Each structure stands twice: as structure tokens, then as C-alpha cells.
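Hi,

Here is the structure I said I would pass on. Have a look at it first, and my notes on what turned up follow below.

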Amino acid sequence: MNNELLKVDNLTKFFPVTQGLILMKTVGQVQAVDHINFSINEGETLGLVGESGCGKTTTSKLILRLEQPTEGSVYLNGQDIQEFDGDGLKEYRTQVQAVFQDPWSSLSPRMRVRDLVSEALIVNRDVTEQEKNSRVAEVMDQVGLHADQADLYPHEFSGGQRQRIAVASALASYPKLIILDEPVSALDVSIRAQVMNLLVDLQQQTGIAYLLIAHNLATVRYMAHQTAVMYLGQIIEYSPTEELYENPLHPYTKALFSAALPAHPDDQREEIILTGEVPSPINPPKGCRFHPRCPMANADPKLMARCSEEPPEPLNVGNNHIVNCHLYT
């Protein structure tokens, strides 16, 4: 059994909404992430899916300590990351790295690849020039690039090669966890599979863990061991990936899957049309946040009365499949 590497406990992030230029006053809060819980085991991948604006990227920023939580905690190997400072924080920065969506903007055009790849290593650890060059050559080889290419600039590479450089940069400091924020969505379709296969191969070789943030459900199904579905700042369903894809339970998850392209043109699937727009995170609905758009709640006045007033509690329906929905209580 794999050991738990990262644990997110009751994690919450609200951003204040202010009015006025001089005498600013707080008039509300954007409830970006609202009391979420999940864990990632060593050597495994958790997929985080949901619409734009549901809180996925804010979650990754909280784990990277680019934002401070309003409430709740993130633990790495049982240690609260908010307690790290000085050398402890430097060590944390080496152990948790990130690969971002756009390889055209995430790499500095003024730095040679050698300096880009080794940056996290030399900033957070004392290494000699020889150790740095040796590690750069090693990770360049791991991601399918030649060590001689380390002396080039990012503009001399294609989009797929740039994302390989970004992966090499994340690998250089021997991390335990890499946050992958839409790692293939900016790439041509023809090279997405290459980068996905590279990431899976690296996980098998090094035992690294991933938090995979993605819109593309096929990417998540291919790479993730566990999948969490977010809606309006909350995790509404959480399950082993294959179990979730074979048996989605929450009405929102079903709608999300029905909107995805089928694996084969002849595949038959239920078409679910959601009414209305995603509510504002400044003033989310009472009760279940999905109830104004939920086809099940809108079809049953009795269920609607409960869903509109009472927030659903997480329910384990078996096989570690957790759903927040009154349909199952």
C-alpha cells in the first residue's frame, strides 16, 4: 500500500471584494475554494476536473504556497506546510514543483535552457557547477532532449519541446510532487499524447506523484489514479478514476461527461443540457451549490426544497467513491 504524501484538510480560500479607491471597504468575498479535502499517495496521480473558475488553480496555488489559506491546512508527509520557513521552506520548494499550461510564457526568453532547468535546484540547494551540469544533462535525457540543447534559448524549440523543458525544470530538484496545471492543453493534438506518455513514464521510473489539473476528461482518465470533481469551489465527487468514469453519480459529473467528446463516433450517451449560468462565487446558492442548474432537483419539487436549503454531506457509497448529493442520502 502506498504511503500518503500530501493531505489537504478543510482547505479554504476566500478573496475579499472591495469598493472605493481611497476609503476601500470590503463588500463581499469570492469563495474560490470552500472546505475541500483530498489526499495524494506517493507515486500516484490525482486528477482535479471542473469548469473554468471552479477553484482548481487556486487550489494549486495554495499547495505551492503562492497563496495563504483562509482556513484549513495542507500537509506534506504529515507536516503542515504553513509552518515551514527558512531552510524548511527551501526544502519544500524543492519537493513540490509545478508545470504550467503555456510553455510559451512559463519559460523566460532571456535565460538559456541550462539556467531555466537548474533554477529550482541552485536556488534551494547548495550544488557545485559540476553537479548542476550533471543534473541538467540527466533530466534533459529523461524528457527526451539532448544535453547539448541546454545551451540554447527557449525560442529555438517547438511547443512540445518547450513543455519537455518545463518538465525537466520541475524534475531537476528531485521533487516528490509535481502540480501539472493543464500540461498539454496548449499543445497541438498530435504531440499531446507524447507529453502524456512522457509524464506517465517518468512517474513509473521515479515514483513521483502528480496533481493533474485539466479540462480534458480523456487526459485525466489516462493519467489519474484518483479523480476529484470541483464545482463552485467545492469537491462534489471523489473516487478512483475508473470507478468514476464507469459510474458517475453526481448530476454535475454526469453532465460534465455527457458534454465530452465520445471515444468513438458510434458510442451512445445520454445528452444532459444544463440550464442557466454558473452562479457567482461571491454569492453562491444556499444548500447544494448545483441545485439551480440540477436537472434532478428541478424535476422534483420535494428534492428541490431540500437541495435549496440543506448542504449535502459527503457520502461514501462504497469502493472509496464519495459523493456530495441528496439523491444518495
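Let's begin with a pair of helices. The axes of helix α5 (residues 159-171) and helix α6 (residues 189-206) come within 10 Å and cross at roughly 15°. That makes α5 roughly parallel to α6; angles under 35 degrees count as roughly parallel, over 145 as roughly antiparallel, 65 to 115 as roughly perpendicular and the rest as oblique. The crossing of α5 past α6 is right-handed (a crossing is right-handed if the near helix is turned clockwise from the far one by less than a right angle, and left-handed if anticlockwise). On the α5 side the contact involves Gly 160, Gln 163, Arg 164, Val 167 and Leu 171, and they meet Ile 191, Gln 194, Val 195, Leu 198, Leu 199 and Leu 202 in α6. Contact here means heavy atoms within 4.5 Å. By type, the residues of this α5 and α6 contact divide into 7 nonpolar, 3 polar and 1 charged, where Ala, Val, Leu, Ile, Met, Phe, Trp, Tyr, Cys and Pro count as nonpolar, Asp, Glu, Lys and Arg as charged, and the others, Gly among them, as polar.

A few words on the background. This is a predicted model, in which local features need pLDDT of at least 70 and side-chain atom pairs count only at pLDDT 80 or more, while totals for chains, interfaces and linings use all residues. Residues are numbered from 1 along each chain as its sequence is written, and side-chain values use heavy atoms, with hydrogens and water left out. Helices (H or I, at least four residues) and strands (E, at least two) are DSSP runs, numbered from the N terminus. Axes are lines fitted to C-alpha atoms, for helices over the stretch in contact, and angles run from 0 to 180 degrees between N-to-C directions.

The axes of α2 and helix α3 (residues 113-124) come within 9 Å and cross at roughly 160°. That makes α2 roughly antiparallel to α3, and their crossing is left-handed. Lys 90, Arg 93 and Thr 94 of α2 make this contact with Ala 120, Val 123 and Asn 124 of α3. The residues of the α2 and α3 contact divide into 2 nonpolar, 2 polar and 2 charged.

Then there is α3 with helix α4 (residues 129-142): the axes come within 10 Å and cross at roughly 110°. The two helices, α3 and α4, are therefore roughly perpendicular to each other, and the crossing is right-handed. From α3, the contact takes in Val 113, Arg 114, Asp 115, Val 117, Ser 118, Leu 121 and Ile 122, and from α4 it takes in Lys 132, Asn 133, Arg 135, Val 136, Val 139 and Met 140. These residues of the α3 and α4 contact divide into 7 nonpolar, 2 polar and 4 charged.

Now the sheets. An open sheet of 8 strands has the order β6-β7-β8-β3-β9-β10-β12-β11, with mixed pairing (two strands pair if DSSP finds at least two bridges between them). Its edge strands are β6 (96-99) and β11 (315-316), each of which pairs on one side only. Within this sheet, strand β9 (residues 226-231) and strand β10 (residues 234-240) pair in the antiparallel sense over 6 bridges, and Met 230 stands opposite Ile 235 in β10. Helix α1 (residues 56-63) lies across β3 (45-49), β6, β7 (177-181), β8 (209-213) and β9, running at about 155° to β7. Helix α2 (residues 87-95) packs on the sheet too, touching β6 and β7, with its direction at about 40° to that of β6.

And the other sheet? Here 4 strands form an open sheet in the order β2-β1-β4-β5, with antiparallel pairing. β2 (25-41) and β5 (79-80) stand at the edges with a single partner strand each, so one side of each is left without a neighbour in the sheet. Strand β1 (residues 4-19) and strand β4 (residues 71-76) pair over 5 bridges, with Leu 6 opposite Leu 76 in β4. Leu 76 also has Gln 79 in β5 as a bridge partner. β4 and β5 form a hairpin with 2 residues between them, and Asn 77 in the turn has a positive phi of about 50°. α1 shows up again here, lying across β1, β2 and β4 at about 75° to β2.
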